[in-house]
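Dear colleague,

My notes on it follow directly after the sequence and the coordinates.

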Amino acid sequence: VVSTQSTVRSGINAEYKKLRQRDANAMSKASWRITVRQLESLIRLSEAMAKMVCDEKVTVAHVKEDQNTTQDADADMETEEGENLRITFEEYKKVSNMLILHMREFEEKSREGAGEGALKKQELVDWYLQHIEDDIGGEQEMIAKKLVTEKVLERLVKVDNVLLEIDGGDEEDPWLVVHPNYIIE
């Protein structure tokens, strides 16, 4: 139940504008991806936030809380040392798609030659680093890219369920395959 208060309307309007601006800035194109559907979703999610705390009316605080909860499309990955690695969602998709495409190609070649279709995690990391080595400026950047790649793979396995670990590998360097139902976007 969206309140007709002008402050709530202006709050929703402001958050919608932020979504469109962020989308335009992230893609360096017009904000065509943020549509009225996202506005409707913003309203529905704000209503859900209000219901969650047993409020009958949506307030600006509910709108802001909804956006704080859902806006972070960046991939947050925590290292073993407790520091956070942050990459944009676009970077995450670029790395993950490259890795998945490589794995799919490897699986296809393996089927043709009746070999194994799985790759070790470290083989994937090494392949990716070799693939982007011309773009890497030095040793520190190489270490950072390696860590990001390992965390992307970890997220693909544990969060997104795009990659599957198969038995036979060790915990530190497991065998990985692409989930058979996964379709690259």
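In which helix do Phe 89 and Tyr 92 both lie, and how many residues apart are they? The two residues belong to helix 4 (residues 89-113), and they are three residues apart, about one turn of the helix. Please bear in mind throughout that this is a predicted model.

**The aromatic pair and its surroundings**

The count of aromatic pairs comes to one. Its members are Phe 89 and Tyr 92, whose ring centres are 6.2 Å apart. The ring planes stand at 35°, so the pair is classed as tilted; planes under 30 degrees apart would count as stacked, and those over 60 as edge-to-face. The two residues may also be described by their accessibility. Phe 89 is partly exposed, with a relative accessible area of 35%, whereas Tyr 92 is buried, at 3%. Tyr 92 has a further neighbour in Arg 155, which lies over the face of the ring at 5.2 Å from the ring centre.

**Overall architecture**

The chain contains six helices and five strands. Along the sequence these elements follow the pattern α-α-α-β-β-α-β-α-α-β-β. Of the 185 residues in the chain, 34% are buried. Among contacts between residues at least 6 apart in sequence, 53% join residues that are at least 24 apart.

Three strands form an open sheet in the order 3-5-4, with antiparallel pairing. Strand 3 (119-120) and strand 4 (163-166) are the edge strands; each has a single partner strand, so one side of each is left without a neighbour in the sheet. The pairing of strand 3 with strand 5 (residues 175-178) is antiparallel and runs over two bridges. Within strand 5, Trp 175 is the residue that stands opposite Lys 120. Helix 6 (residues 139-158) lies across strand 4 and strand 5, and runs at about 90° to strand 4.

**Two residues with positive phi**

Most residues other than glycine have a negative phi. Cys 54, which is not a glycine, has a positive phi of about 60°. Cys 54 is located in the loop between helix 2 (36-52) and helix 3 (60-70), and its relative accessibility of 69% makes it exposed. Asn 161 also has a positive phi, near 55°. Asn 161 sits in the loop between helix 6 and strand 4; at 48% relative accessibility, Asn 161 counts as partly exposed.

**Confidence of the prediction**

The mean pLDDT of the chain is 80, and 78% of its residues reach 70 or more.

With kind regards

Technical notes. Residues numbered from 1 in each chain as written. Predicted model: local features only at pLDDT ≥ 70, side-chain atom pairs only at ≥ 80, totals over all residues. Heavy atoms only, no water. Pairing = 2+ DSSP bridges. Helix = DSSP H or I, 4+ residues; strand = E, 2+ residues; numbered from the N terminus. Contact = heavy atoms within 4.5 Å. Axes fitted to C-alpha atoms, helices over the stretch in contact; angles between N-to-C directions. Phe/Tyr/Trp six-rings, centres within 6.5 Å; stacked < 30°, edge-to-face > 60°. Buried < 20%, exposed > 50% of the residue type's maximum accessible area, 1.4 Å probe, protein only. Lys NZ or Arg CZ within 6 Å of the ring centre and 35° of its normal. pLDDT = per-residue confidence, 0-100.
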